[in-house]
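Thanks for asking me to look this one over. Here are my notes, as numbered points, to read alongside the structure.

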Amino acid sequence: MSGSVIQEKVAKLLSRQNGKPVLRPIKPLALKNEVASRKLKKGEATCVTEMSLLMACWKQNDFNNTVCSKEVSVFYTCVEKAQNKAKGKQGTQGRLLPKEANTLLKRFPNLSSEI
């Protein structure tokens, strides 16, 4: 079946040509005045390979920082890049937290009738 055939069938079921529409919504078609408060997902771990290389170097050299200075600097630069990337993402993400969205919805409630 192509997409247009399905769209025609749905339009036929929703049309009022034969009296009442066949499909009726179970709940009213209006937005709620609150959103679910969910925690944001944590990002995946960064710099894991650099950290494992640093720890392997420490283990081989009896935890001597002077011998593993290259690995330490690589790890710290990776951490700085990851932090800068996270800061850049926070400001430009454009999403509201659930608490902020709920305060805005309380201030400006939706229409209680169906659309």
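1. Let me begin at cysteine 78. Setting aside neighbours within four places in sequence, cysteine 78 is in contact with Cys47 and Glu50. Please keep in mind that this is a predicted model. Cysteine 78 counts as buried, at 17% relative accessibility.

2. The contact with Cys47 is a covalent one: a disulfide joins cysteine 47 to cysteine 78, with an S to S distance of 2.0 Å. This bond ties together distant parts of the chain, since cysteine 47 sits in the loop between α1 (3-14) and α2 while cysteine 78 belongs to helix α3, 31 residues apart. Cysteine 47 counts as buried too, because its relative accessibility is 8%, under the 20% limit. The torsion about the S-S bond is about -95°, so this disulfide is left-handed.

3. How many disulfides does the chain have? The count comes to 2. The other joins cysteine 57 and cysteine 68, whose sulfur atoms are 2.0 Å apart. Here cysteine 57 lies in helix α2 and cysteine 68 in the loop between α2 and α3, 11 residues apart. Both of these cysteines are buried. With a torsion of about -95° about the S-S bond, the disulfide of cysteine 57 and cysteine 68 is left-handed. If you number the bonded cysteines in sequence order, the pairing reads 1-4, 2-3.

4. Phenylalanine 75 and tyrosine 76 form an aromatic pair, 5.9 Å centre to centre, with 50° between the planes, which makes the pair tilted. The count of aromatic pairs comes to 1. Are the two partners buried or exposed? Phenylalanine 75 is buried, with a relative accessible area of 17%, whereas tyrosine 76 is exposed, at 52%.

5. Lysine 70 is also in helix α3, which covers residues 69-92. Lysine 70 is exposed, with a relative accessible area of 62%. The C-alpha atoms of lysine 70 and leucine 54 are separated by 8.8 Å, and the two residues are 16 apart along the chain.

6. Now to helix α4 (residues 98-107), where asparagine 102 is found. Asparagine 102 counts as buried because its relative accessible area is 17%, under the limit of 20%. Which residues does asparagine 102 touch, not counting those up to four places away in sequence? They are Asn33, Glu34 and Val35.

7. Finally, the chain as a whole. There are 4 helices and 0 strands, and from the N terminus on the elements run α-α-α-α. Of the 115 residues, 10% count as buried. The chain exposes about 11,000 Å², and carbon and sulfur atoms supply 57% of that area. Among contacts between residues at least 6 apart in sequence, 58% join residues at least 24 apart.

Note on methods. Residues numbered from 1 in each chain as written. Predicted model: local features only at pLDDT ≥ 70, side-chain atom pairs only at ≥ 80, totals over all residues. Heavy atoms only, no water. Phe/Tyr/Trp six-rings, centres within 6.5 Å; stacked < 30°, edge-to-face > 60°. Buried < 20%, exposed > 50% of the residue type's maximum accessible area, 1.4 Å probe, protein only. Helix = DSSP H or I, 4+ residues; strand = E, 2+ residues; numbered from the N terminus. Contact = heavy atoms within 4.5 Å. Areas by Shrake-Rupley, 256 points an atom, 1.4 Å probe, with all protein chains shown as cover. Disulfide = S-S within 2.5 Å.
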